[in-house]
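The sequence and the structure come first.

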Amino acid sequence: MHLSTHNWMRAEPLEVTLKRIKKFGYESIEISGEPEQYKTKETRALLKEHGIRCWGSVTLMLGERNLAAKDQGQRERSVKYVKDVLTMVSELDGEIITLVPATVGKVVPDGTEAEEWGWVVDATRECFTHAKKVGVRIAVEPLNRFETYLFNRGAQALALADAVSPECGVCLDAYHIHMEEFNVYDAIRQVGKRLFDFHVADNNRFAAGLGQIDWPKIVRTLKEVGYDGALTNEFVAPVDRTPAAPYPEMVERNPVDISPEQLKFIQDHGSSVLTEKFYTDQMRITAETLLPLIK
């Protein structure tokens, strides 16, 4: 296992992110799933310069992106988006994409259970065919019920993976599974060898170590099932707008270089653009919590 991180949580130049995570012992990055933001030749050079490899990417299912949409054109555009993410990861020598099949924040279905299952399976199969072509693995990620109605537990994600291919896998996220699973350790065991990725944030979605999750037991269980991939940092610190705020300086009041869509995505997760100091502290705390357990 090794320590990785997403970078979608704060808008900043990739070089700034890489310098920060390198000093804390991160080995890789799951780069934001926005292929139009990255020129892969330049990004490869930056990664090499800072000694950080691309582990993969996560699909940012914003706006109309939805593999389970009723509208065929919408599904086709969503498939094209996922293929573009897969191609980007391949060109960056990455290994994996984390696939969130449906629009984040959408909690009302477009059709019957049977209709939606057919739509999402067919669309994911098309994505998987491209993934095989470019040499990148797909891991289906369930989210909590407040972010999607479709896939909330590991067993559900595994069912989609099974319907696609024995070579399709699952990504679990410590934050989500502590909300949705009957037993988080059994959920990890059930996915077993099909666990391709694992995201980390504490039960309050702050950095690992700032909540109630038993991280030693989580890491022991991952080792038990033979997991040898990344623990990818994905904290989304909730903003406290009251006088009880423990971190009054956490929000960047004048954010730059962030699109309205990205800002809405972060705000929809209950957060905002975080200051450099607060964000750096969250990266450091995660590393200090998890690296001793990995080693």
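**Terms and model**

A residue is called buried under 20% relative accessible area, exposed over 50%, and partly exposed in between, using a 1.4 Å probe and protein chains only. The model is predicted: local features need pLDDT of at least 70, side-chain atom pairs count only at pLDDT 80 or more, and totals for chains, interfaces and linings use all residues. Residues are numbered from 1 along each chain as its sequence is written, and side-chain values use heavy atoms, with hydrogens and water left out.

**Two positive phi angles**

Asp93 is not a glycine, yet its phi is positive, near 65°. Asp93 sits in the loop between α3 (72-91) and β4 (96-99); helices (H or I, at least four residues) and strands (E, at least two) are DSSP runs, numbered from the N terminus. With a relative accessible area of 53%, Asp93 is exposed.

Arg205, also not a glycine, has a positive phi of about 70°. The loop between β7 (195-200) and α8 (215-224) holds Arg205. Its relative accessibility is 5%, so Arg205 counts as buried.

**Annotated domain**

UniProt, in an unreviewed entry, lists residues 19-242 as "domain: Xylose isomerase-like TIM barrel". UniProt positions are given in the numbering used here, feature names are shortened, and annotations may be inferred rather than shown by experiment. The span 19-242 is 42% helix and 16% strand, and its end C-alpha atoms are 33 Å apart.

**Nonpolar core**

A nonpolar core is a set of buried Ala, Val, Leu, Ile, Met, Phe, Trp, Tyr and Cys residues joined through side-chain atoms within 4.5 Å. The largest one has 93 residues, of which Phe198 and Leu231 touch the most other members. Beyond its neighbours within four places in sequence, Phe198 has contacts (heavy atoms within 4.5 Å) with residues including Cys171, Ile188, Leu222 and Leu231.
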